[in-house]
Amino acid sequence: MAKKPNKLKARLPRGFVDRTADDIRATDEMLANIRAVYEQYGFDPVETPAFEFTDCLGKFLPDTDRPNAGVFSVQDEDEQWMSLRYDLTAPLARHVSENINEIQLPYRTYRSGWVFRNEKPGPGRFRQFMQFDADTVGAPGVQADAEMCMMMADTMEALGIPRGDYVIRVNNRKVLDGVLESVGLGGETHEERRLTVLRAIDKLDKFGVEGVRLLLGEGRKDESGDFTKGAGLEPGAIDTLVAFLSGTGGIENDGITELNTMAAIFASCGYGEDRIKIDPSVVRGLEYYTGPVYEAELLFDVTNEKGEVVQFGSVGGGGRYDGLVKRFTGRDVPATGFSIGVSRLMTALKNLGKLGTAEMVAPVLVTVMDGDTAALGKYQKMVQDLRTAGVRAEMYQGNWKKFGNQLKYADRRGCPIAIIQGSDEREAGEIQIKDLIEGKRLSEEIADNITWRESRPAQVTVKVSELVATVKELLDGQADDRRRAGEE
């Protein structure tokens, strides 16, 4: 006897998620609100592909025979390595460099899209997630950085996050670079170690001061037992960096001057410290930042996966990256930008009750009583008439011979109305319109079948010509009921 073939097991890779219709619609609504702010500031959209040549993604990627640590990579037919984009900034630098003679500088642009990280997934940590970026390329002055911070503050409020529940925190990498030089980490020879330090400091809000101390020293073991090797700094150097993060240590250089200029712009435009605040603990972990860095942080409390009450934390950040375009062109092209973590921001809005929850009304269902060509044409014509009038509608596409299944389908689908026309109704030029929402409510109140049959609740018979007007009237009534229920 032949063996039955093994069924392929359906499984989702770790760190990836399927998205429901509600998730997608809520995301689209949120992105539209963000886009409206960006457009108001004079930014225009651009789109880059998900794949880039690996060497174009930036020096923060590892240089190995198979560059697949941190990014997902493949070799194309001419043996060049390509990687799924790690963020949206490095691809923008490549795009600007390739089109530098056609692009009008300063170039003010925004884009949203999926980015990919080949990292260990965990609670709230995914390998694929969406970002929404805005960048100004070709603007050397810190007024461009200040504007970016103000735009982020305006975006938070446009999303319904009240003042006091968010703050845009600002620092300058020139200040931090000065501190790193003071502990012997300046120059190209310490580039890799300096990046390890930056990434350690960037974990301050996640691991606290003691966790950062461990990462600056020998390393840190997490709850799962995984060990992250540290930067290996001496205790004195660690103390200097921790003092800087707490605001009790620092140096005077151009970074301080730039921060003072930005603070003056914020003040003159009415953005107080309750919205935008200078904060020495802001680092940003990527090596390519060269000046101001900023982070959008949400201040309200949430309960994390361990049951602890903590502040929600960062939902986006960015900064000045004057060297990225120069890697390709050899010429100085200053740039600054901000990236919002869309999925994380959606979680925040859900916690605040600000996530778009306007439900999409399910389609009106035109049922099928006869399967001949003429009847199917008439059913489809009803659907098209409803769609032309702006009503969401569909014709039943399953096995039409089992009418009970059609009503079960309508119930599971949440259809508000069913249209029924058998041969008798068709000869009379009529249709039955069944209000499924009202019918369901009445069925819960009517106890016996005799009363149900006699009442024929929430069902009317009208002329075919009255289809659209009757359906729209019923839908309006259902909408009023939902609105009143929401107000109670």
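**Helices, packing and a buried strand residue**

The buried residues of helix α3 are Val 142, Ala 144, Asp 145, Ala 146, Met 148, Cys 149, Met 150, Met 151, Met 152, Ala 153, Thr 155 and Met 156. The model is a predicted one. Buried here means a relative accessible area under 20%. That list covers 12 of the 17 residues of α3, so the helix is largely enclosed by the rest of the structure.

Just after α3 comes Gly 160, with a positive phi of about 90 degrees.

Now step back to the whole chain. It holds 16 helices and 18 strands. Of its 488 residues, 43% count as buried. Take the contacts with a separation of 6 or more: residues 24 or more positions apart account for 69% of them.

Helix α2 spans residues 89–98. Nine of its 10 residues are buried, so α2 too is largely enclosed by the rest of the structure. The buried residues are Thr 89, Ala 90, Pro 91, Leu 92, Ala 93, Arg 94, His 95, Val 96 and Ser 97.

Next come two helix pairs. Start with α4 (residues 173–182) and α5 (residues 191–201). Their axes come within 12 Å and cross at roughly 120 degrees. That angle makes α4 oblique to α5. The crossing of α4 past α5 is right-handed. On the α4 side, the contact is made by Arg 173, Leu 176 and Leu 180. On the α5 side, Arg 194, Val 197, Leu 198 and Ile 201 take part. By class, this contact has five nonpolar, no polar and two charged residues.

The second pair is α6 (residues 204–216) and α7 (residues 235–245). Here the axes lie 9 Å apart, and the packing angle is about 160 degrees. Angles over 145 degrees count as roughly antiparallel. The two helices are therefore roughly antiparallel to each other. α6 passes α7 in a left-handed crossing. Leu 204, Val 209, Val 212, Arg 213 and Leu 216 supply the α6 side of the contact. Ile 238, Asp 239, Leu 241, Val 242 and Leu 245 supply the α7 side. The contact of α6 with α7 divides into eight nonpolar, no polar and two charged residues.

Finally, turn to a single strand residue. Ala 418 sits in β16, a strand of residues 417–420. Is Ala 418 buried or exposed? Its relative accessible area is 0%, so Ala 418 is buried. Which residues does Ala 418 touch, leaving out those up to four places away in sequence? They are Leu 365, Thr 367, Leu 407, Gln 432, Ile 433, Lys 434 and Leu 436. Leu 436 lies 18 residues from Ala 418 along the chain, yet their C-alpha atoms are separated by 6.8 Å.

How values were computed. Residues are numbered from 1 along each chain as its sequence is written. This is a predicted model: local features need pLDDT of at least 70, side-chain atom pairs count only at pLDDT 80 or more; totals for chains, interfaces and linings use all residues. Side-chain values use heavy atoms; hydrogens and water are left out. Axes are lines fitted to C-alpha atoms, for helices over the stretch in contact, and angles run from 0 to 180 degrees between N-to-C directions. Helices (H or I, at least four residues) and strands (E, at least two) are DSSP runs, numbered from the N terminus. Angles under 35 degrees count as roughly parallel, over 145 as roughly antiparallel, 65 to 115 as roughly perpendicular and the rest as oblique. A crossing is left-handed if the near helix is turned anticlockwise from the far one by less than a right angle, and right-handed if clockwise. Contact means heavy atoms within 4.5 Å. Ala, Val, Leu, Ile, Met, Phe, Trp, Tyr, Cys and Pro count as nonpolar, Asp, Glu, Lys and Arg as charged, and the others, Gly among them, as polar. Buried means under 20% relative accessible area, exposed over 50%, partly exposed in between (1.4 Å probe, protein chains only).
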